[in-house]
Amino acid sequence: MQTRKTRRVRLATSALLALTLASTAAACGGGDDDASSDGTTTISVATFNEFGYEGLIDEWNASHDDIKIKQVKVGTWDDAKANLFTKLAAGSGLSDVEAIEGDAMPAIMAESDAFVDLTDPELDGRWLDWKAAAGTNSDGQMIGYGTDVGPEGICYRADLFKRAGLPTDRDEVAKLMGTWDDYFATGDTFVKAMPDTAWYDSSGGLAQAMLNQVANPFETDDATVDVENPELEAVYKTVTGNVDRGLSSRIAQWGDDWTAQFQNDGFATMACPGWMMGIIEGNSEGVDGWDIANVFPGGGGNWGGSFLTVPAQGKHPDEAKEVAAWLTAPEQQAKAFKAVGAFPSQVEAQDSPEVAEAVNPFFNDAPIGTITADRAAAITVQPFKGPKYSDILTAFQAAVTRVDDGSKDPDASWEQFLADVEALG
Amino acid sequence: MSTQLPIRGGDIEEMSPPRRGDRPGRPATPPWRQRLHRIDYRLSPYLYIAPFFLLFLVIGMFPLGYTAWVSVHDWSLLGGKGDFVGLANYREVLDNPYFTKQLVNTISIFLISSIPQILIALALAGLLDNQLRGRTVWRMSVLLPFVVSPVAVAIIFGSLFGDRYGLVNQVLGAVGIDNIAWHTNRLASHVAIASMVNWRWTGYNALIFLAAMQAVPRDLYESASIDGAGRVRQFVSITVPMIRPTMIFVIITSTIGGLQIFAEPRLFDETTTRNGGSDRQFGTITMLVYDFGWQLRDLGRASATAWLLFLVICLFAVVNLILIRRIGSLGGDR
């Protein structure tokens, strides 16, 4: 029988339960509400790898009371990309400002509706023309503010060069690497002397560096997929052909083993866009001997360089736009360059003494300002990158990795790559 | 049923006006309260279990049906629903060589993990069933790995099983065994992932076995030892048959879990796409669902793959059921 007391207890219990559920739901719903009671707005900025924003964000937060910046860091672009598309589809959950890797910008612009139009006449002429164009869609809306560009040089371990009997001075090293054939021939000499150390860090990375010198790597100018072109096949043959020569570390870029080989003398050189210097320094704690040569085999090349976008799903698009504009202003990008070597895409920043006179103590006091500017000037080809570029590149690097790690021979792996591209639909 | 219906003449009875008084042995007009009581008695159990089934309908059946709906359409992650394409998505998935490969991987990882896992758990439970000093400590500590998040486990094991600089290979090297390519060799990668799964689940299953073992009547062991049966014989002939229902439970849950394995292989992967190795050496079916849906941004093919996985799991469940029936009948009079 139900007494009055038990009934009251039950009522209380169910009320408590309902309250708990309601408050949990409220807590879930309220998680991304950034406007706190004291009137400040928090703008989250999602980045990957190293953008060099830590100092800049402290600077902003110290001088702004109404808007605070919070950084969300992810390991690699591929993880950031998976997160980005998942949350674009979900319609919520993205940061107020999202960094986009340059190669994926065409795919992002195919979804322009999901992003805030950042066009601002006041910012005309801030960026290099090709960088501004890469952030602008076919309707003339600017979707992304350029952060950096990635003029490629060659980073090398002078200490390992010395042990192999190669010159160590960065100007003399540069003379050994004018063409890809020279670069690989020097590699043959190196691995003969140092059989336990590879010549470059990863075949996938090298392939990407070489692709940045091809005008139409995966797509024709009207964005038709064409992967069976002689230039791409040549890059593939060269890179996979080097595996048996012992030049490649046979390790996939960005993995645990790849990170570990910085500490284990795993390789001697790597294709080195500006932003890579920050990554090398981060992985090479306690390792002396890094230097950078003012050269890139076969002419210049641009690898990566990113954009800041403002997803339309955010609650504070105006504030986010303001933050993105501030972070990509020449003064700020010049500081990011000093912090992690990400070479500014802003005309004014490239000319500023802060950038031009910069030296990097970790890279044996290399004048990275002049070197990177020279590397940028050497770029003659801007590869055509359509909406599928990023996805095809991923498949291409998997193809290279398959040969590298020995799971497929070059021909079989190439066939699989063609099938993978086909499956992209 | 079909023979009973005409005899009861249900149709006629429903059409004719109610004739309460006709029924023998019952009061002509049952009191209102009594009828209420009968309804309460018959209906209440269903009402009590209804919340579960309502929830199941919403979060179980609806997604299942919706996935089927998506799987017969062109459906892009960002663009949404496209044309109706019938079974084209299924055909594309079945024609994709990765589907077969990743299905084989899934089953292989499942077998390499589940079989040793259940055997070790059984042996572990048998040992813990003894009168040990500090029993609770021992019993709780086998559950410890279960508390650690699978993501953390995957990261730690991924680093232990590094191809070049991993601890496992360094230890193997110290005893003169060549480096094993844990991320490239198909079988080696399955073993590495299975070890991750086993590390996490063996203790958990052992505790479930232990609970069942403690319900086995102790006098059976006494009479067995009087008959001269040793400890091992007792374990095989008494303990294992007596806990068969629990074993069935553990086998079924680990089948379902094993066929849906995702976090471990995905985080074990060193390549940027995380599809399970450069050549999908250890890609599983759920990872293929993810690849189609979120990397190729095609929810149509992702849903078709998910449904195919569902059918595979159903198939395994049926095979399990048949095997268990077979074992049950072998057990004699149970």
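What volume does the largest pocket have?

1. Ground rules. This is a predicted model, where local features need pLDDT of at least 70 and side-chain atom pairs count only at pLDDT 80 or more, while totals for chains, interfaces and linings use all residues. Residues are numbered from 1 along each chain as its sequence is written, chains are lettered from A and ligands numbered from 1 in the order in which they are written, and side-chain values use heavy atoms, with hydrogens and water left out.

2. The largest pocket. Its volume is about 550 Å³. (A pocket is an open set of points on a 1 Å grid over the protein atoms alone, with protein on both sides within 12 Å along at least five of seven lines; lining residues have an atom within 4 Å of a point. Volume is the space filled by probe spheres set on the points, which are joined across faces, edges and corners.) The lining has 25 residues, and A:G75, A:T76, A:W254, A:D256 and A:T259 sit nearest the centre. (Helices here are DSSP runs of H or I, at least four residues, numbered from the N terminus.)

3. The largest cavity. There are 2 cavities of 30 Å³ or more; a cavity is a set of points where a 1.4 Å probe fits but cannot get out. The largest cavity comes to about 540 Å³, and among its 34 lining residues A:W77, A:D78, A:Q208, A:W254 and A:W303 are closest to the centre. Look at α18(A), which gives the most to this lining, with 6 residues.

4. The second largest cavity. This one holds about 420 Å³. Of its 30 lining residues, those nearest the centre include A:T394 and B:D291. Helices α3, α18 and α19 of chain A and α15 of chain B each supply at least two.

5. Packing around α18(A). Helix α18 (residues 389–404) packs against α19 (residues 410–423), both of chain A, with axes that come within 9 Å and cross at roughly 160°. (Axes are lines fitted to C-alpha atoms over the stretch in contact, and angles run from 0 to 180 degrees between N-to-C directions.) That makes α18(A) roughly antiparallel to α19(A), a label for angles over 145 degrees. On the other pairing, α9 (residues 203–211) of chain A meets α18(A) at about 135°, with axes 9 Å apart.

Terms used: Angles under 35 degrees count as roughly parallel, over 145 as roughly antiparallel, 65 to 115 as roughly perpendicular and the rest as oblique.
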